[in-house]
Amino acid sequence: MTPETAPLPTTTAGEAYTDAALHAWTRAGEAHGTVTRTLQIGDRAVRLTFAGDALVPAFLPALAHLPETTTEANATVHIWDAASTGVPLPDPAWGPEEYGPRGLVRGFNTDTLRTAYQIGSGVLSVADLASRRAIVAVHDAEALPYYERGAPLLSALHWTLSDATSQFVHAGAVGVSDGGVLLVGPGGSGKSTTALACLGSDLLYAGDDYALAQLTPDGPRVASVYTSAKIKPGGTRWLPHLRPLIDNPERGPDEKDLLFVHRHHPEAIVRGFPLRAIVVPEITGAPASVLQLTDAADAFRALVPSTVLQLPSGGPRATAVLARLVREVPCVRLRLGTDMAEIPHVIGNLLRDLA
């Protein structure tokens, strides 16, 4: 039995815990005021409401490229931290043996509820899918690890924005306003290297690790979510010009480098584009990069397992969206060479051929 399918211990246990989290956020907001931003991600608007302001500088930099909107929100995320507001997270209604993959809590994830607690970062995320409302709580904003700053509110945004036509994906994305590619594959396959190699070229950056894929009547589109990039230790040897731009220079030896692309290359950001192709990078060590046509099944195998592992609770609906996605556009293998300057030209030529 998986965390997604395990039944609630009682009909109301998950609902009661979600209510307790919302009430705690309300108390924090009443005591310290609220800060609200409504941001556009693709064709969706998400309202972020912070109780107090301690988490604003921690969570908003990775989202700073997203335009604010006055349209009605499709989803709402309530956010607070315990240290600055004095309002603690609700006591867990489960034991330590109930933690599953990606922090999902067994027994508190159903068709309409989601609950996850990240032990390493101390981030609690709960969501009511019916109302598209999530609550995110943090013990201490000052103690957040780099990866929570680089991809803030990941579970909450994934749960509330993914549906029958939109799906968060574990993928990079580069292109121009009239068309681009998704870079798919497991960690270490070259997604981040490929995306960051395009900085300074004619191609624009929409993300290196996560994006929102959307099926529209006019064809599939990709929306940027974060403009942060995370580079594994030693990865900047391939892109040495990025070393002075790293935003967490005091990182630990096993932490990834964190780079907020929009701070240093605001002209290189694109918030979304029509999807023209799915590209599966593969590190070869050869001098030159080569494109090779592949099929939807190959792209599906590269995209779905890593997305399901990184973004759990998607279920059959997520698989159906991704299966349709890989069938609607060409799929190619990009056998990455060691000449980083060549990579954007190879992808750019592909996009011109598909125009």
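Me: What is the volume of the largest pocket, and how many residues line the largest pocket?

Reply: This is a predicted model, and every value below is computed from it. The largest pocket has a volume of about 990 Å³. Its lining is made up of 45 residues, and those nearest the centre are His170, Asp209, Lys230, Lys256 and Gln310.

Me: Which elements give two or more residues to that lining?

Reply: They are strand E5 (123–128), helix H4 (146–150), helix H5 (154–161), helix H6 (191–197) and strand E12 (228–231). The largest share, four residues, comes from H5. By class, the lining of the largest pocket holds 18 nonpolar, 18 polar and nine charged residues.

Me: Which residues lie closest to the centre of the second largest pocket?

Reply: The second largest pocket has a volume of about 320 Å³. It is lined by 18 residues, with Asp202, Leu203, Gly348, Leu351 and Arg352 closest to its centre. Helix H10 (residues 343–354) gives the most to this lining, namely five residues. The classes here are nine nonpolar, five polar and four charged residues.

Me: How does a cavity differ from a pocket, and how many cavities of 30 Å³ or more are there?

Reply: A pocket is open, whereas a cavity is a space where a 1.4 Å probe fits but cannot get out. The count comes to two cavities of 30 Å³ or more. The largest cavity holds about 50 Å³ of space. Its lining consists of Arg114, Leu129, His158, Trp159, Ser162, Ser313, Gly314 and Arg317. Of these residues, two are nonpolar, four polar and two charged.

Me: Which residues line the second largest cavity?

Reply: The second largest cavity contains about 40 Å³ of space. Gly150, Ala151, Gly207, Asp208, Asp209, Tyr210, Tyr226, Ser228 and Lys230 line it. Its lining has three nonpolar, three polar and three charged residues.

Me: How is a helix read, and what distance separates the end C-alpha atoms of helix H9?

Reply: An α-helix has 3.6 residues a turn, so residues three or four places apart point the same way. In this structure, helix H9 (residues 315–328) has 14 residues, and at 1.5 Å a residue it should span 20 Å. The end C-alpha atoms of H9 are 21 Å apart, which agrees with that expectation. The buried residues of H9 are Ala318, Val321, Leu322, Ala323, Leu325 and Val326.

Me: How many disulfides does a search of the whole structure find?

Reply: A disulfide is a covalent bond between the sulfur atoms of two cysteines. The search finds zero disulfides in this structure. For Cys198, the nearest cysteine sulfur is that of Cys331, 18 Å away.

Me: How many aromatic pairs are found, and why is the pair of Tyr99 and Tyr117 given the class it has?

Reply: The search of the whole structure finds five aromatic pairs. The ring centres of Tyr99 and Tyr117 are 6.2 Å apart and their planes are at 40 degrees, so this pair is tilted. Tyr99 lies in the loop between helix H3 (82–85) and strand E4 (113–118), while Tyr117 lies in strand E4, so the pair ties together parts that are 18 residues apart in sequence. Tyr99 is partly exposed, with a relative accessible area of 22%, whereas Tyr117 is buried, at 16%.

Me: Which residues form an aromatic cluster?

Reply: Tyr17, Trp94 and Phe108 form one aromatic cluster.

Definitions and conventions: Residues are numbered from 1 along each chain as its sequence is written. This is a predicted model: local features need pLDDT of at least 70, side-chain atom pairs count only at pLDDT 80 or more; totals for chains, interfaces and linings use all residues. Side-chain values use heavy atoms; hydrogens and water are left out. On a 1 Å grid over the protein atoms alone, a cavity is a set of points where a 1.4 Å probe fits but cannot get out, and a pocket is an open set with protein on both sides within 12 Å along at least five of seven lines; lining residues have an atom within 4 Å of a point. Grid points are joined across faces, edges and corners, and a volume is the space filled by probe spheres set on the points. Ala, Val, Leu, Ile, Met, Phe, Trp, Tyr, Cys and Pro count as nonpolar, Asp, Glu, Lys and Arg as charged, and the others, Gly among them, as polar. The expected span of a helix is 1.5 Å times one less than its number of residues. Buried means under 20% relative accessible area, exposed over 50%, partly exposed in between (1.4 Å probe, protein chains only). A disulfide is a pair of cysteine sulfur atoms within 2.5 Å. Rings of Phe, Tyr and Trp (its six-membered ring) pair if their centres lie within 6.5 Å; planes under 30 degrees apart count as stacked, over 60 as edge-to-face and the rest as tilted.
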